[in-house]
Amino acid sequence: MWPSTESADTAVIHQMESFHNVAPDSSIKIEDRDVLRSMQRWINSGSAERGAVDTTDPHFKVEFPEESFYIWTTPKGGSIMDTEDTHTLHSMTNWGNENMRDFLKQYFTLEDE
């Protein structure tokens, strides 16, 4: 889905207050290649839902060197949006969402909607 993430050697994850505001003191930097590859699989597990997209503020933003994504994740499902293509929302697979949530819980408090 997003090939430029495959060569990334770092990523930064921010917990978001809104589309444009990062929550204070909520950013982590990931440099472990195994974790980066896993994150890329989770992000790429989804399928596109084209059309008008009306969403709530994202829970997270993941920044790779060449691309960044907004992430919404709840126990019932997850979605991803390329920050440069806000007209397409990608639904994560249950597997991708569960693994992403398990990883994020190590660093952040997640909403349990």
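Helices here are DSSP runs of H or I with at least four residues, strands are DSSP runs of E with at least two, and both are numbered from the N terminus. On that basis, the chain reads β-β-α-β-β-β-β-β-α along the sequence, which comes to 2 helices and 7 strands. The radius of gyration of the chain is 13 Å, close to the 13 Å that the globule rule gives for 113 residues, so the chain is as compact as a globular protein of that length; the radius is taken over C-alpha atoms, and the rule is 2.2 Å times the number of residues to the power 0.38.

The model is a predicted one, with local features needing pLDDT of at least 70 and side-chain atom pairs counting only at pLDDT 80 or more, while totals for chains, interfaces and linings use all residues. Residues are numbered from 1 along each chain as its sequence is written, and side-chain values use heavy atoms, with hydrogens and water left out.

As for overall dimensions, the C-alpha trace spans about 35 × 30 × 25 Å along its principal axes. Buried residues (under 20% relative accessible area, against over 50% for exposed and in between for partly exposed; 1.4 Å probe, protein chains only) make up 48% of the 113 residues. Taking contact as heavy atoms within 4.5 Å, 60% of the contacts between residues at least 6 apart in sequence join residues at least 24 apart.

Now for helix H2, residues 94–104. Its buried residues are Gly 96, Asn 97, Met 100, Arg 101, Phe 103 and Leu 104. They cover an arc of only 160° around the axis, which puts them on the same side of H2; the arc is that of the directions from the helix axis to the C-beta atoms. The buried residues of H2 pack against quite a list of elements, including helix H1 (33–43), strand S1 (11–16) and strand S5 (68–74).

Ser 79 has Ser 91 of S7 as its bridge partner. In S7 (residues 88–91), Thr 88 and His 90 point one way, Leu 89 and Ser 91 point the other, and all are buried. In a regular strand, side chains alternate between the two faces of the sheet.

Finally, the aromatics: Phe 19, Tyr 70 and Trp 72 form one cluster. Rings of Phe, Tyr and Trp (its six-membered ring) pair if their centres lie within 6.5 Å, with planes under 30 degrees apart counted as stacked, over 60 as edge-to-face and the rest as tilted. By this rule there are 7 aromatic pairs.

Key:
Two strands pair if DSSP finds at least two bridges between them.
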